[in-house]
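Hi there,

Here is the structure I promised to pass on. Please have a look at it first, and then read my notes below.

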Amino acid sequence: MDHQPKFFENLSGTGKAIGVLTSGGDAQGMNAAVRAVVRMGIYVKAKVYFVYEGYQGMVDGGDNIVEVSWESVSSILQVGGTVIGSARCKSFRTREGRLQAACNLVQRGITNLCVIGGDGSLTGANLFREEWSGLLEELAQKGKIDEEAVKKYAYLNIVGMVGSIDNDFCGTDMTIGTDSALHRIIEVVDAIMTTAQSHQRTFVLEVMGRHCGYLALVSALACGADWVFIPEYPPEEGWEDSMCVKLSENRARKKRLNIIIVAEGAIDCHNKPITSEKVKDLVVQRLGFDTRVTILGHVQRGGTPSAFDRILASRMGVEAVLALLEATPDTPACVVSLSGNQAVRLPLMECVQMTQEVQKAMDEGRFVEAVRLRGRSFENNLNTYKLLSQKKPDAELPKTNFNVAVLNVGAPAAGMNAAVRAAVRVGITEGHKMFAVIDGFEGFARGKIKEISWGDVGGWTGQGGSILGTKRTLPAKYLEKIADQMRTNNINALMVIGGFEAYESCLQLHEARSCFEEFCVPICVLPATISNNVPGTDFSIGADTALNAIVETCDRIKQSASGTKRRVFIIETMGGYCGYLANMGALAAGADAAYIFEEQFDIRELQANVEHLTEKMKTSIQRGLVLRNENCNENYTTDFIYQLYSEEGKGVFDCRKNVLGHMQQGGAPSPFDRNFGTKISAKAVQWISKKLKETYRKGKVFANTDDSVCLLGMRRRNLVFQPVAELKNETDFVHRIPMEQWWLKLRPLMKILAKYKTSYDVSDSGQLEHVAMHSPKEAETGAI
């Protein structure tokens, strides 16, 4: 990227008025989006208005359209649903209703609308925009507005953000609310699993998704369900028999429970509905299993938004305001969405048309096409699920005679077990013998290695920590013993799951190849650490779970402060020298400051932060939250900052400190970590198989090129295998962090939302892209 940074300071909102509304079904994270729109709008000196009760409020006018201030959106970040209300509105569907809405907006000078809702709400907004000039002329003819107003407010700009728990909108990988809904589902599944296990029961769970099976599919992946029914991929003829065979096989393997997940819109290949009751009756009649149905219903829409949804919505909200500031009369209405890890703008109607295409394909029975239209991410999920859920009979499995070993290195991270499970099962499907190494390289040197089967990893996805056991020990001091073990057990490939130590270990093995031929085998590193400090990837397995733990604690702490008033909390997070958890935690929890190693700070900055908080205490928001990464500065310790704030804030606010510690490492993995771990692990084993075939010569595997020791990471929009030897140049080994970190670009976002003046590089945003139709090949190459 050689572009000159482009900053938005020259984008002024002076004289502009932005209206923000939420419409259609509610979704967790909508409030975070509303907050970001309001604060970013005020930051660029625009006027911002709430439109209460969606389009109904726009038609009714009066007190439903109100100018808001910075404080109006305080304390809403952690609240589910939408505080400005949402309503289904019949009158907006009529021209008469839209005429009234236009009149209400023009009276307040609002010509920029930010609509947060599903495809119906966004289609309505686009129609409103297309009719706008005609509506104004009609209002002028009726004498409701003057000619001056028709000229002054000639154009209406619209930016949409998709808030929908179903993730049913084409063009975006994740809609606001989807991740939180998955959290609710997985919490319930985890709870049900314990009771099902006690009684050897089968549970049929019905989840939301009338037209889209995303929630059902991902929750099935995340909990290792036995069977899943989704509208886009109906089961083949005779599914009743195959499902019952699979359930009874699982019971025969000593599995004490079965989980079947049904999307509410599930259908068979003749477009007939498959209901949870029908599935239950089938299991009871055919197998006589004790079976229960649980319908999750509106629980999925409720509760507090996850860290992912808060960050997504905050990023989208800021991007939406930038899009409105840059819009010209010729800019089509756009949707701000997420592709991989990148915020993008897409033409609204292209996305809506594609979303409708999916439904059309399903109605006409073109299911393969429907899955393809859903996008790369959906297709990948489905393919991974198919790979992992069904064990082929031994007779049908290929036999490669390759032995692949899996081990965990470094500190435990939630999601490691999901990755091990996926590796073992995909490896067996590919025909390899899979071996598990206990206690990392230390265990490897001691010969703690055993073959592991398909059934051994059942139920691992939801377990936190590392079941295989993990140690921080690097292989350098045991090279000879490890080489012996690899020779004895005839290990032909290694999969190392862990954090910075895993990356360093594989570098050491790569460098030791000249002395030990045993290390000339394909080796793949999967990044798994809460610190997210591994070079070559934007995300690591475990970081999302840790972030949610931090945000949950910050919410509770903020709540305790709202009672006592005038209190500032200093919270220390883990992460080594990497500020990811502190920075993203601050963004998701609505903190006032975050001190990190990557952005040096001095006493003047600490002083400025104290003054900023002192000013804040004069408003109605009388509490503060400050996050500090554990190694951000050796002298400005958590105690020092706490004492400084206590002294400087005397008489204005008092201080408390909290060191979060190892609670950030524990806990059940979040849906994102289960899913991410499962998908990248499956992909890594397929890469290992390919390398084994390529490097098998004269009866043995010999891989000594750089590209046979790779780290699989997510970079912007794709999953990429990168040789560890090349990543060396991108690494700061002293502080154990990558030299460039994408999330530092989001740092100004946190400051803006906390009312600091700062400069924000918007070079990456702004270009309107088109909805890409991807080829089936692309689904294999790397979208998450």
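To begin with a helix: how far apart should the ends of helix α6 (residues 178-199) be, at 1.5 Å a residue? The 22 residues of α6 should span 32 Å, and the end C-alpha atoms are 32 Å apart, which agrees. The expected span is 1.5 Å times one less than the number of residues in the helix. Helices here are DSSP runs of H or I with at least four residues, strands are runs of E with at least two, and both are numbered from the N terminus.

Some background before the rest. This is a predicted model, in which local features need pLDDT of at least 70 and side-chain atom pairs count only at pLDDT 80 or more, while totals for chains, interfaces and linings use all residues. Residues are numbered from 1 along each chain as its sequence is written, and side-chain values use heavy atoms, with hydrogens and water left out.

**Positive phi**

Most residues other than glycine have a negative phi. N271 is not a glycine either, yet has a positive phi of about 65°. You will find N271 in the loop between β8 (258-263) and α9, and at 34% relative accessibility N271 counts as partly exposed. For that word I use these cut-offs: buried is under 20% relative accessible area, exposed is over 50%, and partly exposed is in between (1.4 Å probe, protein chains only). N401 is another non-glycine with a positive phi of about 65°. N401 sits in the loop between α13 (376-389) and β12 (403-409) and is exposed, with a relative accessible area of 66%.

**Salt bridges**

Side chains of opposite charge can pair when their charged atoms come close. How many salt bridges does the structure hold? There are 39 salt bridges, each being a side-chain nitrogen of Lys or Arg within 4 Å of a carboxyl oxygen of Asp or Glu.

One of them joins R286 to D241, with the closest N and O atoms 2.6 Å apart. Since R286 lies in helix α9 (residues 276-287) and D241 in helix α8 (residues 239-252), the pair ties together parts that are 45 residues apart in sequence. R286 is partly exposed at 44% relative accessible area, and D241 is partly exposed at 46%.

D439 and K448 also meet through their side chains in a salt bridge (2.8 Å, N to O). Here D439 is buried, with a relative accessible area of 17%, whereas K448 is partly exposed at 34%.

In the salt bridge between K618 and E615, the closest N and O atoms are 3.0 Å apart. K618 is exposed, with a relative accessible area of 63%, and E615 is partly exposed at 46%. Elsewhere, salt bridges that share partners join R95, R98, E131, E138 and K142 into one network.

**Charged patches**

Which residues form the negative surface patch that includes D146? The patch is formed by E137, D146, E147 and E148. D146 is in the loop between α4 (119-141) and α5 (147-152), and is partly exposed with a relative accessible area of 48%.

There is also a positive surface patch, made of R88, K90, R93 and R210. K90 lies in the loop between β3 (65-67) and α3 (95-107) and counts as exposed at 72% relative accessibility.

The accessible areas come from the Shrake-Rupley method with a 1.4 Å probe, and for residues only the protein chains shown count as cover. Lys and Arg count as positive and Asp and Glu as negative, while His and the chain ends are not counted. Each charge is placed at NZ of Lys, CZ of Arg, CG of Asp or CD of Glu.

**Two buried residues**

V344 is in strand β11 (residues 342-347) and is buried, with a relative accessible area of 4%. V344 and T172 are 172 residues apart in sequence, and their C-alpha atoms are 8.7 Å apart in space.

G585 is in helix α19 (residues 580-589) and is buried, with a relative accessible area of 0%. From G585 to T94 there are 491 residues in sequence and 44 Å in space, C-alpha to C-alpha.

Best wishes

Key:
Patches are made of residues with over 30% relative accessible area and no salt bridge: like charges are joined within 9 Å, nonpolar side chains (Val, Leu, Ile, Met, Phe, Trp, Tyr) within 5 Å.
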